[in-house]
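Please find below a short note on the structure under review.

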Amino acid sequence: MSLLKYESQLREPLVDGNKDYHQVTEDIIRPIEMKPSRLWYIGFYISVALLLFGVYSVYREVTYGIGQWNVNKTIGWGWDITNFVWWVGIGHAGTLISAILLLFRQGWRTGVNRAAEAMTIFAVMCAGQFPIWHMGRVWMAFFVLPYPNSRGPLWVNFNSPLLWDVFAISTYFTVSLLFWYSGLLPDLATVRDRAKTKFRKMFYGVASFGWSGSTKHWQRHESLSLVLAGLSTPLVLSVHTIVSFDFATSIVPGWHTTIFPPYFVAGAIFSGFAMVQTLMIVLRKVFSLQDYITVGHIEAMNKVIVLTGSIVGCAYLTELFIAWYGQNPYEWYAFKENRANLFSPYGWAYYLMMFCNVVSPQLFWSRKLRRNITVTFFMSIIVNIGMWFERFVIIVTSVYRDYLPSSWSTYYSPSIWEIGFYLGTFGLFFTCFFLFAKYFPVIAVAEIKAVLKTSGENYKVKMTDLEKIDAEKFYIDEVEHAHTHQNLKF
Amino acid sequence: MHTLIRILNFEFNIMAGGIKKFVVGSFDDEKVLFPAVKNVRKAGYKIHDVYTPFPVHGLDHAMGIRETSLHTAGFIYAITGTTTALTFMSWVFTKDWPLNIGGKPNFALPAWIPITFELTVLFSAVGMVLTFCYLCNLAPFVKKHHFHPRATDDLFVMAIECTDKTNDAEVQAFLQKAGAQEINVQVAETGWWIGRYHKEQKLYKEEKGY
């Protein structure tokens, strides 16, 4: 066992400070047991206000129809689908952290995975709103489901990317929720067993499903997490691939591009990590979790941002090159005149996107800037703005000048209710996130404990002696000892 | 409501393990726990279970618990999803209501890959989580006997089952020697029942009406 607990001194500790198991529980559970701070209330009320404004905007849209928005015959998707793709993309970072990094055995994920998974679930909830309310006659939304009906039965079109989206998003939401909640069970049991008040005993008693921490249960839990991670990894890639199919399978110049699936997935992870940074930097400060979400964590995520940002930049240039190289006059016009021409109506959006997504993340090649919290925070906002504009550019600039020049004059800008709907999803997202941060452990307590003795700061110091001992003695003491444990047969 | 819960509990009681006596020892370090598990088993005592705040790798091997086959169940659910999606879409588009979509083939297998994949993942994930909850007796409103409240915090709690022949004092002394911090004897229900955690824990026998 002790061999498994050895980790090189060269690696930065994942948990700072002098912690033991109980201290970890204390640090992470304490915010749940305290009254929320003034700042929490202010943030929560602002979120609820935004949510209510969103509800009113949606009410206007449902009552008076899609005409409440400024979308028109050529720009049918506008802000609505831009926001949908943006929110779905944000969700992807949570799954990347919880699933892909689990498979890659990245220890640092334990500090941020719980909150990032929560972010995924709330982001997908927000994303789902847009296609649903865009239907206009939303009371018929259930028509997208293949259920036996009295119209034949007339089934849905399984060959349509929009229907693939229905399956992809709902599966993604369900699997993310199951993954998140099955991971939460042991931590909710920890809160339950410490609870002093009647409400907490009851609430966490029900929520923790009677978890006891039995060895057999842990064994199954480990197996479940691993398989769910294995399932979520292709799932997360498939979801944004399918979202990109909404565009790529059409024959609209600017959308009809085979590079879309990998380009969208990279962009999704890019924007998602930016959102994780925004949330984590605030979270660690508000709940004093600097020992668990360390500068090392921030740096690791910034590395992912610079990587995915560069992939996205590469994709932008590739599609521009292919548009020229392909010699399709309509395709080339969409790229040259509608986007790359700075003086075209939406040229500014294209260059804003280029600046935010491709140029600005390059700052993170510098280690000093990667480890700077303020720079990271501003950069995360810039990246989120940039990624929103990426979707806006793809959706609007591809269609605002279609094959019929008589409809070219339309300059699309959103109505107040379109903006209100978008703000409303921010309200929904942050209302959920504030409640999550108040009532649930924001860091996976059990997972931190599992890495504490390999990667905790105070344990790493103790390992220094181990590094100095003779290799042969080390082998006899540690390796053979470990083997005898493995071979126990009774 | 209360009566209903009592009736349900009475029914489930058949599934529960019954009331047993345990010697419970808690350890504060997994380095001490491992040799202790080994020695307790060597001495011939029956370990009911070890409760840990986080998954301790290798503990299941040390206790002689066999590997879980949950992932096999996951695979079976996955192929069920694949088959469901493919047969349903084929039936709809070739038999029940063939639609002419731009003269393309009705059996459009490549176009069905996304939905087939999604349903594979969905069936597998949902099925596995439900199986996991079923096997571990996890559900809202389920209540169990917990041997030590700090088993989910920082203690590794070993419960040794006592039979008629077991000498409690001997087991306690044995655990003491093995390095346990707190040792006590508990009489407890081994199964689960419907209940909530803000009320006092009671054994079935002590509850009125049984």
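How many helices and how many strands are there in chain B?

1. The model under discussion is predicted. In it, chain B holds six helices and six strands. Their order along the sequence of chain B is α-β-α-β-α-α-α-β-β-α-β-β.

2. Among contacts in chain B with a separation of 6 or more, 81% join residues 24 or more positions apart.

3. The contact between the two chains draws 60 residues from chain A and 66 residues from chain B. On the side of chain B that touches chain A, at least two residues each come from helix H2 (30-42), strand E2 (46-51), helix H3 (59-62), helix H4 (70-96), helix H5 (109-135) and strand E3 (142-144) of chain B. Of these, H5(B) gives the most, namely 16 residues.

4. The axes of helix H2 (residues 38-64) of chain A and helix H14 (residues 416-439) of chain A come within 6 Å, with a crossing angle of roughly 145°. The crossing of H2(A) and H14(A) is left-handed. Sorted by class, the residues of the contact of H2(A) with H14(A) comprise 16 nonpolar, nine polar and three charged.

Definitions and conventions
Residues numbered from 1 in each chain as written. Chains lettered and ligands numbered in written order. Predicted model: local features only at pLDDT ≥ 70, side-chain atom pairs only at ≥ 80, totals over all residues. Axes fitted to C-alpha atoms, helices over the stretch in contact; angles between N-to-C directions. Helix = DSSP H or I, 4+ residues; strand = E, 2+ residues; numbered from the N terminus. Left-handed = near helix turned anticlockwise from the far one by under 90°. Nonpolar A, V, L, I, M, F, W, Y, C, P; charged D, E, K, R; others polar. Contact = placed C-beta atoms within 7 Å.
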